[in-house]
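Here is a short report for a reader who is new to this structure. Please keep the sequence and the 3D view at hand while reading.

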Amino acid sequence: MRIVSKLTFFGMIFLFSVNAYAGQLDSSGLLDTLLDKFQQVASTWSLVIGDYANWLFWGLVLISMVWTFGMLAMQGEGLTSALAEIVRFFAVIGFFYYLLINGPAISQSIINSMRQLAANALGTSTGISPSSIVDIAFVILTKVSSAASIWSPMISTIMITVAIIVLVVMALIAINMLVMLVSAWVLCYAGVILLGFGGSKWTSDIAINYLRTVLSIGIQLFTMTLIIGIGQSLSLIHISEPTRRR
């Protein structure tokens, strides 16, 4: 099942690429262009899905209200206890409704904040994007090619071969980050339906788990950005040192 979903995603990437080139887009930063286009399309989902989430939320609120206030009436609680329960009930409902109407914005803030935090830790102003990962590999390949010499064909061939392998590996990493970012946008805009379950105390864990999942993806992107940044620094240092010695 996972294989089918991955094939479907790569097929979607291929179709996006064909449309991009058919529209004569610049091949530079193509992965970022595809990601931006996907985000633009996904952002329109929140309007439709948000309406269904609202209906689900208030339906669950109504059921929970009838049950809670009915139990208060049957138990014959005092005025103070009943008032405390009512305040608690509406406070919780208000909190989850705030999450519902601001769900996409909160989710994007979590993901973007984790990526920006990693970028700040690396000392860069912007985070690492899928296209920038491929650009790093091309920089490495360019430096290796310029350092190659016809007087040492064996070493030059090995260096270029390794650089090509690095390019392929970095391309796979870029695709992995692209898949993760696409998953994040799907979760941000389409996953808002899960926040509708916050209208009831019996299903509110689903809404909480939604935010936990968003945070988990943000942490994965945070970790991936740091690892790629460290690899970039080390690879460029090791490549530049032989160049300076020459």
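## Confidence

The chain has a mean pLDDT of 76. Of its residues, 76% reach 70 or more. Where pLDDT is low, the predicted coordinates should not be read in detail.

## Overall make-up

The chain has eight helices and zero strands. Read from the N terminus on, its elements run α-α-α-α-α-α-α-α. The chain counts 246 residues, and 35% of them are buried. Take the contacts between residues at least 6 apart in sequence: 78% of these join residues at least 24 apart.

## Helices α3 and α4

Start with helix α3, residues 45-75. Its axis and that of α4 come within 12 Å. They cross at roughly 170 degrees. An angle over 145 degrees counts as roughly antiparallel. Therefore α3 and α4 are roughly antiparallel to each other.

Which residues make this contact? From α3 come A53, N54, F57, W58, V61, S64, M65, T68, F69 and L72. From α4 come A82, E85, I86, F89, F90, I93, F96, Y97 and L100. The residues of this contact divide into 15 nonpolar, three polar and one charged.

## Aromatic pairs

The structure holds eight aromatic pairs. A pair of aromatic rings is described by the distance of the centres and the angle of the planes. Two of the pairs are set out here.

| Pair | Centre to centre | Angle between planes | Arrangement |
|---|---|---|---|
| W58 and Y97 | 5.2 Å | 50 degrees | tilted |
| F69 and F89 | 5.5 Å | 55 degrees | tilted |

Take W58 and Y97, a tilted pair. W58 lies in helix α3 and Y97 in helix α4, so this pair ties together parts that are 39 residues apart in sequence. W58 has 42% relative accessibility and counts as partly exposed. Y97 is partly exposed too, with a relative accessible area of 28%.

Now take F69 and F89, also a tilted pair. F69 lies in helix α3 and F89 in helix α4, so the pair ties together parts that are 20 residues apart in sequence. F89 counts as buried, at 4% relative accessibility.

There is also a cluster to look for. F57, W58 and Y97 form one aromatic cluster.

## Helices α4 and α5

Next comes the contact of α4 with α5. Helix α4 covers residues 79-101, and helix α5 covers residues 103-122. They pack at an angle of about 75 degrees, and their axes are 4 Å apart. That makes α4 roughly perpendicular to α5.

Which residues meet here? On the α4 side they are Y98, L99, L100 and I101. On the α5 side they are G103, P104 and I106. The residues of this contact divide into six nonpolar, one polar and no charged.

## K201 in a loop

Where does K201 lie? K201 is in the loop between α7 (153-189) and α8 (204-245). At 48% relative accessibility, K201 counts as partly exposed. Leaving out residues up to four places away in sequence, K201 touches S64, W67 and T68. K201 and V61 are 140 residues apart in sequence, yet 8.9 Å apart in space, C-alpha to C-alpha.

## N176 in helix α7

N176 is found in helix α7. N176 is partly exposed, with a relative accessible area of 40%. How far apart are N176 and P130 in sequence and in space? They are 46 residues apart in sequence and 8.5 Å apart in space, C-alpha to C-alpha.

Methods
Residues numbered from 1 in each chain as written. Predicted model: local features only at pLDDT ≥ 70, side-chain atom pairs only at ≥ 80, totals over all residues. Heavy atoms only, no water. Axes fitted to C-alpha atoms, helices over the stretch in contact; angles between N-to-C directions. Helix = DSSP H or I, 4+ residues; strand = E, 2+ residues; numbered from the N terminus. Parallel < 35°, antiparallel > 145°, perpendicular 65-115°, else oblique. Contact = heavy atoms within 4.5 Å. Nonpolar A, V, L, I, M, F, W, Y, C, P; charged D, E, K, R; others polar. Phe/Tyr/Trp six-rings, centres within 6.5 Å; stacked < 30°, edge-to-face > 60°. Buried < 20%, exposed > 50% of the residue type's maximum accessible area, 1.4 Å probe, protein only. pLDDT = per-residue confidence, 0-100.
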